[in-house]
Amino acid sequence: MTPSRESGAVRINPSILAADFVNMQSELARIAGADFVHVDVMDNHFVPNLTFGPQMVGRIQETSPVPLDVHLMIDEPERWAPGYAELGAASVTFHLEASAEPVTLARTLRAAGARAGVAIKPDTAGESLYDVLDEFDQVLVMTVEPGFGGQSFRAETMPKLRALVAEARRRGSAVWFQVDGGISESTIAQAAEAGADTFVAGSAVFGSDDPDAAIAHLRSLARRHHAAP
């Protein structure tokens, strides 16, 4: 495990929604310096878009030079999420809004060998997670409405993130805090100052002529501004 994947570090997870799907293997090779690759799974029900399914995610798992951080924007995560852990994904995140038994599902994912993550939409209250923070390895605070790439960062989600981070520290939780949506060199400092330590970036990485250099730059910015415990 590299230092950037240890607890307390800053992580950059490029989103392959911004990659060239036709040349996926070569696109993955361009982000070998990332901590994880972020894979958005959408079902055209929970969100109005359709992306990857288990077969494609399995192929990405086979070819990616870095571990998979799978984000499930789907209905019935209890039915589908364990399969992604069984494919070998390092982290599997499902939405609180879609889950009937989030704690049970988190334990199932952990038992299957994956880190268990829970995501909340911009309008979902952070307090809904306070009492169960220790059941998760990662909390994803969406900084855009889930379902589409290329949206603008919503700064109004930062107080919620800051409050969640403060509550986790109060409880002594080692949970990671991820942000996803509009993360770039102009917004990453805001999220880092609010306590995020794991950053999903799409076009800011894949839109660069040198994705690995872009990753290193984003990581440097995040480290500079990260709110230390």
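**Salt bridges and nonpolar cores**

Arg 59 and Glu 62 both belong to helix H2 (residues 54-63), where they stand three residues apart, about one turn of the helix; helices (H or I, at least four residues) and strands (E, at least two) are DSSP runs, numbered from the N terminus. The model is predicted, so that local features need pLDDT of at least 70 and side-chain atom pairs count only at pLDDT 80 or more, while totals for chains, interfaces and linings use all residues. Residues are numbered from 1 along each chain as its sequence is written, and side-chain values use heavy atoms, with hydrogens and water left out.

A salt bridge is defined by a side-chain nitrogen of Lys or Arg within 4 Å of a carboxyl oxygen of Asp or Glu. Arg 59 is partly exposed, at 44% relative accessible area, and Glu 62 is exposed, at 61%. Buried denotes under 20% relative accessible area, exposed over 50%, and partly exposed the range in between (1.4 Å probe, protein chains only).

In the whole structure, 12 salt bridges are found. One of them joins Asp 35 to Arg 219, with 2.9 Å between the closest N and O atoms. Asp 35 lies in the loop between helix H1 (24-29) and strand S2 (37-42), and Arg 219 in helix H8 (residues 211-225), so the pair ties together parts that are 184 residues apart in sequence. Asp 35 is buried, with a relative accessible area of 1%, and Arg 219 also counts as buried, at 12%.

Arg 107 forms a salt bridge with Glu 135, the closest N and O atoms being 2.6 Å apart. This pair links distant parts of the chain, 28 residues apart: Arg 107 is in helix H4 (residues 102-111), and Glu 135 is in the loop between strand S5 (115-120) and strand S6 (138-142). Glu 135 is buried, at 19% relative accessible area. A network of salt bridges links Asp 123, Glu 145, Arg 154 and Glu 156.

A nonpolar core is a set of buried Ala, Val, Leu, Ile, Met, Phe, Trp, Tyr and Cys residues joined through side-chain atoms within 4.5 Å. The largest such core has 62 residues, of which Ile 16 and Phe 199 touch the most other members. Helix H5 (residues 158-171) gives the most to this core, with five residues. Beyond its neighbours within four places in sequence, Phe 199 has contacts (heavy atoms within 4.5 Å) that include Val 10, Ile 12, Val 179, Ile 183 and Ala 222. A second, separate core of five residues includes Met 42, Phe 46, Val 47 and Ala 98.
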